[in-house]
Amino acid sequence: MTILDEVLKEEYERLSRGIGLVREELEGLPKGYISEKKIGNNAYYYLQRREGGKILSKHIKKDELEPYKTLIEHRKKLSKQIKDMEFEQQKIKAALKKVKDND
Amino acid sequence: MINAQVRDFIKTIKLLHDNDCISQIVIIGSWAEHLYIETGVLPAYFATIMTLDLDLLVKNLKYPRGGINLPELAKAEGYQIESERLTGITKLLLPGSLEVEFLLSKRGAGNETALKTNLGVTAQTLRHMEMVLANTIKVDFYGMAIEIPIPEAFVIHKMIINKDRKEKSEKDRASINEMYKHLNKTRFEALLQTLSKRNQKEVERYLDNFIMPALEEVRRIEEAKGKIFAGN
């Protein structure tokens, strides 16, 4: 194994650790999206998500709307971080394969 | 199990150690970050990728007094020696593994980009290195005492030079912002007070632009969690 292989493998493992840490953080955040329903002049908000073909819905109290928005936005950011790290891992896998094929 | 790159790092440190020049060197750059984790200085720090560059900051170009020829000694150990054509800057190479570079603190009005040292290498001169030179700790790595900047000094230095780092500035910011979480804030503040007014402003500008917004976001998220989950 070349030193470059080792560096790439270490980076792959480092990214795996990073993904694990972000996933742990995701566990504590609400899943889904916020939908708004207007009835007359009033707006009602729901936290919705799909599970097993069903849409699960939870009413959000008015004073919880902003905190839910904050956490769902945060969840999106973390999910993107995971995707980015997984993409980096794919690139490393491809690079390692290329090195192996060229040997 | 140690990998080949770490073995080569140890080989380089041993070369300096066996020739009595390790005490003249402070390890900076990505290897210092790696050492913060490996030696337990910042065990929870999530470091960025290690590069092939091993940056060695030479404390004083006039030491050791009698002078040595480090490139010759390195050559005998299997290193390739490179000398930049324009500047003469010396690099010790272990191809595909390590590129050892020497740096020197630029002081006063001097505008030399490189200076010869008594180690027998020509080192690149850089400004703003006083902070890392004046605030170091010795750590033990595989039985050898190595000097690295204290993490607070490392971060402050990186904050000062960040805007001049061009394409490397974003990668540096990722390291700084992650490392900042693990720093001793009292020590950080105390070191900040030792800087010139100009450099203090540079660090404050960095904190305002890149650290405070992240801290504010963490605060907002924790507050939101508190409001939603408090009753559950």
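A: **The largest nonpolar core**

Among the 46 residues of the largest nonpolar core, those touching the most other members are Ile27(B), Leu56(B), Leu57(B), Val58(B), Val132(B) and Ile156(B). Such a core is a set of buried Ala, Val, Leu, Ile, Met, Phe, Trp, Tyr and Cys residues joined through C-beta atoms within 7 Å, where buried means that 20 or more other C-beta atoms, placed from the backbone, lie within 10 Å of a residue's own. The model is predicted, with local features needing pLDDT of at least 70 and side-chain atom pairs pLDDT 80 or more, while totals for chains, interfaces and linings use all residues. Residues are numbered from 1 along each chain as its sequence is written, and chains are lettered from A in the order in which they are written.

At least three core residues come from each of domain 1 (1-149) and domain 2 (151-232) of chain B, bounds taken from an automatic or database domain assignment. Leaving aside residues up to four places away in sequence, Val132(B) touches Val26(B), Ile28(B), Leu57(B), Pro149(B), Ala153(B), Phe154(B) and His157(B), contact being C-beta atoms, placed from the backbone, within 7 Å. A second, separate core of 5 residues includes Leu47(A), Ile60(A), Tyr68(A) and Ala224(B).

The C-alpha centres of the two domains of chain B lie 26 Å apart, and their contact takes 14 residues from domain 1 and 14 residues from domain 2.

Methods:
Buried ≥ 20, exposed ≤ 12 C-beta atoms within 10 Å, placed from the backbone. Contact = placed C-beta atoms within 7 Å.
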